[in-house]
Amino acid sequence: MAITFGSVIPNSNTMSLTLTTQPLNNLITNHRTNFVFCGRSVGYGHTLSFSDQRVSSSFATVVCSAANKPDIRMFFYIAFVASGSLGAFIAITQLIGALANSSRATEVPEILKGLAIDIAAVSLFAFLYFRENKAKNAQVARLSREESLSNLKLRVDEKKIIPMNSLRGIARLVICAGPASFVTESFKRSEPFTESLLDRGVLVVPLVTDGNSPAFEFEETGDLATRRKRLWQLAPVYINEWSEWLDEQKKLAGVPSDSPVYLSLRMDGRVRGSGVGYPPWNALVAQLPSVKGMWTGLLDGMDGRVL
């Protein structure tokens with residue numbers, strides 16, 4: 001009986017699982033373990049070989065494609081761990097037999113080598129499995145976070161309330177969350193960047209967490225005052241829902257619940273950046289592309305990576 005797990009196709013995102021069986025009546029004649037790295041794909045091969053000269057061979061092959069999908073990769077990791085564990089078990093039985101029989105003493109180094117490879121392979125693929133599972137859980141948490149955020153409500157003016165998701169593709173939102181004094185200072189620090197922020201589609205959502213009202217004093221007159229008001233025109237509605245969402249994000253990030261924070265969203269509504277303290281208005285101006293001119297729409301994805 002021969003069992004082979006994992007073959008890697010070079011320059012491809014496809015892994016295959018092959019099972020080959022032969023009848024067996026006698027004993028194990030050899031035991032071989034190997035694993036191969038190819039590009040971003042990893043393959044682990046483990047072979048158990050048995051011999052029986054009296055019986056003709058029969059083969060059954062199963063090939064599974066893993067087109068870079070997390071669930072299928074996790075299946076292969078489990079299969080590789082199982083294969084390596086089986087190899088380690090057989091190697092241990094061989095080692096016991098070799099140690100008990102002095103005539104087989106020369107086999108001990110080779111058996112120990114195979115056992116070490118099996119243990120290393122099991123450790124490697126167990127690590128890859130848990131890392132993949134952790135990344136999968138983080139992705140699910142991120143999607144849940146963004147879905148909850150998209151359903152929160154904003155007041156545009158006295159007569160209009162909209163959900164966050166209605167601004168996807170229209171604005172890059174920056175959420176300033178903290179006590180009124182923090183929001184007021186964020187407002188003042190944004191003043192020199194008003195024009196540049198609006199040119200990049202940025203709108204600010206001031207989320208006050210201490211129940212007080214921030215002091216938004218528009219000392220400018222004319223068009224500049226209008227643009228300042230436009231930058232800060234949004235207001236969160238149903239503050240309890242916003243606070244619950246924010247507290248959950250702080251807990252996941254290990255940030256103290258009373259810390260003032262900011263969150264910067266991409267044009268598609270996903271979180272691109274966050275931190276404790278004041279929003280880095282100058283960095284946002286430097287990093288974000290303009291939504292005006294001939295490049296309108298073409299650079300919407302250049303908001304930065306998703307967190």
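Predicted model: local features only at pLDDT ≥ 70, side-chain atom pairs only at ≥ 80, totals over all residues.
Me: OK. What does the secondary structure come to?
Reply: The chain has 7 helices and 11 strands. Those are DSSP runs numbered from the N terminus: H or I over at least four residues for helices, E over at least two for strands.

Me: And how much of the chain is buried?
Reply: 38% of the 307 residues. Buried is under 20% relative accessible area, exposed is over 50%, and partly exposed is in between, using a 1.4 Å probe and protein chains only.

Me: Which residues touch the most other members in the largest nonpolar core?
Reply: L154, M164, L173 and W242, out of 38 residues in that core. A nonpolar core here is a set of buried Ala, Val, Leu, Ile, Met, Phe, Trp, Tyr and Cys residues joined through side-chain atoms within 4.5 Å.

Me: Which element gives the largest share of this core?
Reply: β8, with 6 residues. Elements that supply at least two residues each include β7 (172-178), α6 (239-253) and β10 (261-265).

Me: What is M164 in contact with, leaving aside its neighbours within four places in sequence?
Reply: L149, S150, L152, L154, L173, I175, W242 and L265. Another core lies apart from the largest one; that other core has 7 residues, among them L95, A98, I111 and L115.

Me: Switching to β10. Why is β10 largely enclosed?
Reply: 5 of the 5 residues of β10 are buried, so the rest of the structure largely encloses this strand. V261, L263 and L265 point one way, while Y262 and S264 point the other way.

Me: What does β10 pair with?
Reply: β7 and β10 run antiparallel and are joined by 4 bridges; strands count as paired if DSSP finds at least two bridges between them. In that pairing, V174 has S264 as its bridge partner. β10 also pairs with β11 (residues 271-276) in the antiparallel sense, over 5 bridges, and there S264 stands opposite G273.

Me: What's in the turn of the β10 and β11 hairpin?
Reply: There are 5 residues between the two strands, and G269 in the turn has a positive phi of about 90 degrees.

Me: I spotted an arginine in β7. Is R172 buried or exposed?
Reply: Buried, with a relative accessible area of 1%. A polar atom of the R172 side chain lies 3.1 Å from the backbone oxygen of P289.

Me: What about the open sheet, in what order do its strands come?
Reply: The order is β6-β5-β9, 3 strands with antiparallel pairing. β6 (160-163) and β9 (235-237) are at the edges with a single partner strand each, so one side of each has no neighbour in the sheet.

Me: How do β5 and β9 pair?
Reply: β5 (residues 153-157) and β9 pair antiparallel over 3 bridges, and R155 has A235 in β9 as its bridge partner.

Me: Which helix lies across β5 and β9?
Reply: α6, running at about 95 degrees to β9. Axes are lines fitted to C-alpha atoms, for helices over the stretch in contact, and angles run from 0 to 180 degrees between N-to-C directions.

Methods: Residues numbered from 1 in each chain as written. Heavy atoms only, no water. Contact = heavy atoms within 4.5 Å. Polar contact = N/O pair within 3.5 Å; in protein donor to acceptor, adjacent residues only side chain to side chain.
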